[in-house]
Amino acid sequence: MVPSDEPIVMSSSLAAGLSPVRHTLSNGATAIVQESSATPAVSINATFLAGSFCDPDGLPGVADLTARLVDRGTARKSAAAIAEELDKRGVALRVGTTRHRMIFSSTCLAEDFDDVLELIVEVARWAAFPEAELVKRRAESITVLRQNEDNPSVRAGEALSELLYGPVHPYGRPAKGTVATLERIDRDALVKFHADEIRPAVLTAVVVGDVDAAKTIDRVCELLADWNGGPERPIVVPPPAVPAVRRVRQIPMPGKSQTDIAYGFTAIRRLDPRYHAYWVLNNILGQFGLGGRLADNIRERQGMAYYAFSEFNANVGESPLVVRAGVDPKNVDRTIEAIDAEVRALGLQGPTDAEMDESRSYLIGSIPRLLETNESIAAFLQDCEQFDLGLDYDRRLAGLLNAVTIDEVRAAAAEILHPEHAAVAVAGPETRGGE
Amino acid sequence: MDSMHRRATTSIESRTVSDQLPNGLKVVVQEVHTVPLVSVWCWYRVGSADEGPGLTGASHWVEHMNFKGTVNIPREQMKGIVERFGGMWNGYTWIDQTTYVETAGRDALDQMLFLEAERMAYGLYEPAECESERTVIISELQGGENDPDQLLDTEVTATAFRAHPYGHPTIGWLEDLGAMTRDDLYDYYRRFYIPNNATLVVVGDVDATDVMKRAEKHFAAIPEGAMPQRIRAIEPEQLGERRVIIEREGTTGYVKAVFRAPAASEPDFFPMLVLDAVLTGAKGVNLWSSFRGVPPQRKARLYTALVERGLASTVSGAILPTVQPYLYTLSFTAIDGVSLADVERAALDEIERIQRTGVEPSEVERARHQLRARLVFDNDSVTNIAHQLGYFETVAGPRFLPSLQRRINEVTLEQIWDVARRRLTSAHRTVGWFRPTSRS
């Protein structure tokens, strides 16, 4: 065997944990930089706490449409000029929204970093929302909504959110709006949303990659220092509006081959002290291996589904624990019975010692994979900042997971896993969801 | 150790070390010490192109069965081997290849190699497990059918090929999935899962010499097999346009136009790659990375001709390195209310424009920069580096990846114009529409 060329050796200390540099400007904007020279590339993630939660009452979809238009022309640059600047550098700028965030993200070559950073700041600060662009992007958004109407997975997921939270709750209403609301959103609504919500006080700009941290912080400060805006406002998410009783919605979709099931409960907030116990619980229920206890039953033992899993993405407000499965229409009843059985059993008996050990080992061991790419590190640091977890959270996380006891997971399971409180949405060719 | 191996090479460009065990297993290692992870991929030169009539979907079903227990790993213990180390494991099958991946902490290397060696030689294929997996795979197929774009892709691909097995879907036809037996699967497994038909790729926080020793420990006892007979179908020349129209319940219209593409080994592949970047923006140059994220495409020809003119909400192009000539696929999602004929006409007009006048130097420069950036971005993790090494090794050979950037840089305006005129003709295309009908 011939010896290799020099291996790639990191110049930063990622193998020992993250070592980000953080700085907050007087206008409230925060910059976080993590050096990594693994590749000559840089990921930028600029997140404003301004997602669909901030949509005006009665007009869902404003945040999402704002995101679609925000990089399509500024006071100084046309949409075509911005397109040229991005494309000639091989860069795609993605602007998207979640319930609480508007995220500007891009990965570029290190040699292009200064220009791309400047362009992201340009569009975030000085978006012009040209009328002609509004017409085109609104048509795209309506097409996406029409595609979603034809997608059993999306239909089941949206129906579940509405069952859990009610149609006007910020977690229950449609995040991308409806065709009717999109047709009512005019340029003034977008300009107002941008002025009110896209402010430095709610901005965290994370940069990860082949950069010098100190110089990058200085550059971010230069670009943002003269940007003023209102202070950060507290985010108050109302409790779920719907009582926790069994609710079932069936959505007939003739012509489809497979039925999608979305089944869930409202759970806890991200900052709830029981968060890590719920994380372990979710792993046991529907994540470990191919999908925890749920996949063992529904896929492995009964061969009914290609996927059956649970997910728990805790957010600012009380967040959903969701079970998903895609099955042959004739197996819908059996699948819901199987979900009920697994949920009931874990709720009544809690996990086994062996399950606790393997899930804890898995979650602790998977921390380096959470930080495998520049983009995933940037997303991780955004969570650290939004929820004030500390910049050493990646190093503390193993200890936090290791400290979760079987009694804590048992208590979490006993609290939430009651089939009689579940919401169940079924979308597909034949909806035989049970009750 | 050196004497036990037939050959050893080092690629300075990619910092890889490769070696071959006496049984023919090729081992490729790259040390990357940026994170305490290691990614192990085991690649087999078997895919849906190897499936004859009645056996469509066998490669993919075999992949599923290799998660179902081996002689030395009881089924119930398969789960947990990698997870205990925080690892992920998965697999995929496509037209030329089947591959398995584990990425986990470096301490899991031995377990990952053990798992792959077991998969290569000692799969159980219990009849009850085969039956259970039959319905799981049919569920996977039906999930795909829920997506009209995927449904259209299946029909267009099948229409574009008359003789070559690239025409049938990798997941198989439903009728074959219903009829295949356990023995069909096991025979297929034994034919193709031999060390001399495989490549093991290890990338991460490892010592290359140590990896070679461990690979030998786990794999050396597996005997070399007779190289499997391949299907020798050659697709006849297409003499005229083909069309397929699907009318089903739905909300949105989709259009696809596919053309015969060159194999990765053909000189035309590289000008086609640059032409695709000019038309739809540059993607990653392998199956996995081609799906990652939206390409930079706002100045791309078809984006400006369709999306910016309000005819389509999405435009995409796909040309991938394959062993034999596959397809160059253009896909469009029609804006609500726009006719599919208008979408198709605008796309073909733009292609004809390029056939008449070629592309601009500035477009080619932009495309080259985009592709250069993508090749950098595709090295952003040990998992993706390992995938890239294994993909190209399996479908295009070891010299493809190190020369890829140079071959892209050498593409000329004339070559792009030439492939546009020769390959994107009406006689060589298959057009598909998904025309939605109202849901009663």
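The buried residues of helix α12 of chain B are Val343(B), Glu344(B), Ala347(B) and Ile351(B), where buried means that 20 or more other C-beta atoms lie within 10 Å of the residue's own, exposed means 12 or fewer, and partly exposed falls in between, with C-beta atoms placed from the backbone. Because they cover an arc of only 95° around the axis, they sit on the same side of α12(B); the arc is taken over the directions from the helix axis to the C-beta atoms. The model is a predicted one, in which local features need pLDDT of at least 70 and side-chain atom pairs count only at pLDDT 80 or more, while totals for chains, interfaces and linings use all residues. Residues are numbered from 1 along each chain as its sequence is written, and chains are lettered from A and ligands numbered from 1 in the order in which they are written.

Helices (H or I, at least four residues) and strands (E, at least two) are DSSP runs, numbered from the N terminus. An α-helix has 3.6 residues a turn, so residues three or four places apart point the same way. The face of α12(B) turned away from its buried side carries the exposed residues Ala341(B), Asp349(B), Arg356(B) and Thr357(B). On the buried side, the packing partners are β9 (254–260), α11 (301–307), β10 (312–318), β11 (327–334) and β12 (429–437) of chain B; contact here requires C-beta atoms, placed from the backbone, within 7 Å. Gly358(B), with a positive phi near 75°, follows the helix.

Leu306(B) links this region to the core. Not counting residues up to four places away in sequence, Leu306(B) touches Leu311(B), Ala312(B), Val315(B), Phe332(B), Val343(B), Ala346(B) and Ala347(B). Leu306(B) is also among the residues that touch the most other members of the largest nonpolar core, together with Ile120(A), Ala425(A), Leu185(B) and Val274(B). That core holds 263 residues, a nonpolar core being a set of buried Ala, Val, Leu, Ile, Met, Phe, Trp, Tyr and Cys residues joined through C-beta atoms within 7 Å. Helix α9 (residues 269–280) of chain B gives the largest share of this core, 9 residues.

Strand β4 (residues 37–44) of chain B is mostly covered, with 8 of its 8 residues buried. In a regular strand the side chains alternate between the two faces of the sheet. Here one side has Leu37(B), Ser39(B), Trp41(B) and Trp43(B), and the other has Val38(B), Val40(B), Cys42(B) and Tyr44(B). β4(B) pairs in the antiparallel sense with β6 (residues 98–105) of chain B over 8 bridges and with β7(B) over 7 bridges; pairing requires at least two DSSP bridges. Cys42(B) has Tyr100(B) as its bridge partner in β6(B), and Trp41(B) stands opposite Val201(B) in β7(B).

Two loop residues complete the picture. Tyr125(B), in the loop between α3 (109–121) and α4 (127–145) of chain B, has a positive phi of about 55° although it is not a glycine. Asp388(A) likewise has a positive phi of about 55°. Tyr125(B) is buried, with 20 other C-beta atoms within 10 Å, whereas Asp388(A), with 8 C-beta neighbours inside 10 Å, counts as exposed.

Conventions:
Contact = placed C-beta atoms within 7 Å.
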